[in-house]
Amino acid sequence: MTIVKVNGRDHQVDADPDTPLLYVLRNDLALNAAKFGCGLGQCGSCTVIVDGKAVLSCVTPLLLVEGKQVTTLEGLGTVAAPAPIQRAFMEEQAAQCGYCIAGMMMRAQALLMRNPKPSDAQIRAELEPHLCRCGTHMRILRAVHRAARLMDTADAASDRSVR
């Protein structure tokens with residue numbers, strides 16, 4: 001039995017420690033935003049955040065996340081109250097087929113946690129590992145910038161409410 005902390009909750013999982021995190025998320029915890037794309041860590045559709053860093057869950061064994069915080073797209077927001085990154089991707093209509101978008105949002109979220117005002121070049125470099133054939137790259141770029149503004153606005157609002 002392995003205990004894994006996902007989206008702020010501890011889960012007991014009966015899986016081999018070498019099982020890819022992606023399989024545990026999808027099969028054991030019914031968290032399906034992270035997708036199985038290549039299974040080789042080459043497409044990015046399985047990206048989640050582990051302790052603040054973007055991680056390819058299809059090549060990350062369960063044993064490496066024990067005692068760490070795993071965040072999936074489901075842990076960022078809800079349909080009724082989407083997180084800034086989710087809201088921005090919707091408002092910019094950044095998804096076409098949608099298969100890779102969850103992974104892109106998670107990698108963008110990790111970037112914005114480290115760098116709240118990234119340049120176009122920094123966003124492009126961060127998202128470079130993701131394969132997307134739909135051609136919405138400019139919308140994705142705009143969505144990340146929009147999310148940064150939304151996060152900045154939310155932070156400013158929370159600072160004012162604390163005073």
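Domain bounds here come from an automatic or database domain assignment. With those bounds, the lining of the largest pocket takes at least three residues from each of domain 1 (2-75) and domain 2 (84-162). The model is a predicted one, with local features needing pLDDT of at least 70 and side-chain atom pairs counting only at pLDDT 80 or more, while totals for chains, interfaces and linings use all residues. Residues are numbered from 1 along each chain as its sequence is written, and side-chain values use heavy atoms, with hydrogens and water left out.

Grid points are joined across faces, edges and corners, and a volume is the space filled by probe spheres set on the points.

The largest pocket comes out at about 240 Å³. It has 13 lining residues, and L73, P82, Q86, M90 and M105 are the closest to its centre. Two elements give two or more residues to this lining, namely α2 (84-91) and α3 (101-114); helices (H or I, at least four residues) and strands (E, at least two) are DSSP runs, numbered from the N terminus. Of the elements, α2 gives the most, with three residues. Sorted by class, the lining has nine nonpolar, three polar and one charged residues, where Ala, Val, Leu, Ile, Met, Phe, Trp, Tyr, Cys and Pro count as nonpolar, Asp, Glu, Lys and Arg as charged, and the others, Gly among them, as polar.

The axes of α2 and α3 come within 10 Å and cross at roughly 130°, which makes α2 oblique to α3. Axes are lines fitted to C-alpha atoms, for helices over the stretch in contact, and angles run from 0 to 180 degrees between N-to-C directions. Angles under 35 degrees count as roughly parallel, over 145 as roughly antiparallel, 65 to 115 as roughly perpendicular and the rest as oblique. As for handedness, α2 passes α3 in a right-handed crossing (left-handed if the near helix is turned anticlockwise from the far one by less than a right angle, right-handed if clockwise).

Next along, the axes of α3 and α4 come within 10 Å and cross at roughly 135°, so α3 is oblique to α4. Here α3 passes α4 in a right-handed crossing.

The second largest pocket has a volume of about 160 Å³. Its lining is made up of M104, I123, R124, L127, H130, H137, M138, I140 and L141, and α4 (120-127) and α5 (137-162) are the elements that give two or more residues. The top contributor is α5, with four residues. By class, this lining has six nonpolar, two polar and one charged residues.

The structure holds one cavity of 30 Å³ or more, and the largest cavity contains about 30 Å³ of space. Among the residues lining this cavity are A33, T47, L73, E74 and M106. Both β3 (47-50) and α3 supply at least two of its lining residues, with the largest share, three residues, coming from α3. The lining divides into six nonpolar, three polar and one charged, and draws at least three residues from each of domain 1 (2-75) and domain 2 (84-162).

Definitions and conventions: On a 1 Å grid over the protein atoms alone, a cavity is a set of points where a 1.4 Å probe fits but cannot get out, and a pocket is an open set with protein on both sides within 12 Å along at least five of seven lines; lining residues have an atom within 4 Å of a point.
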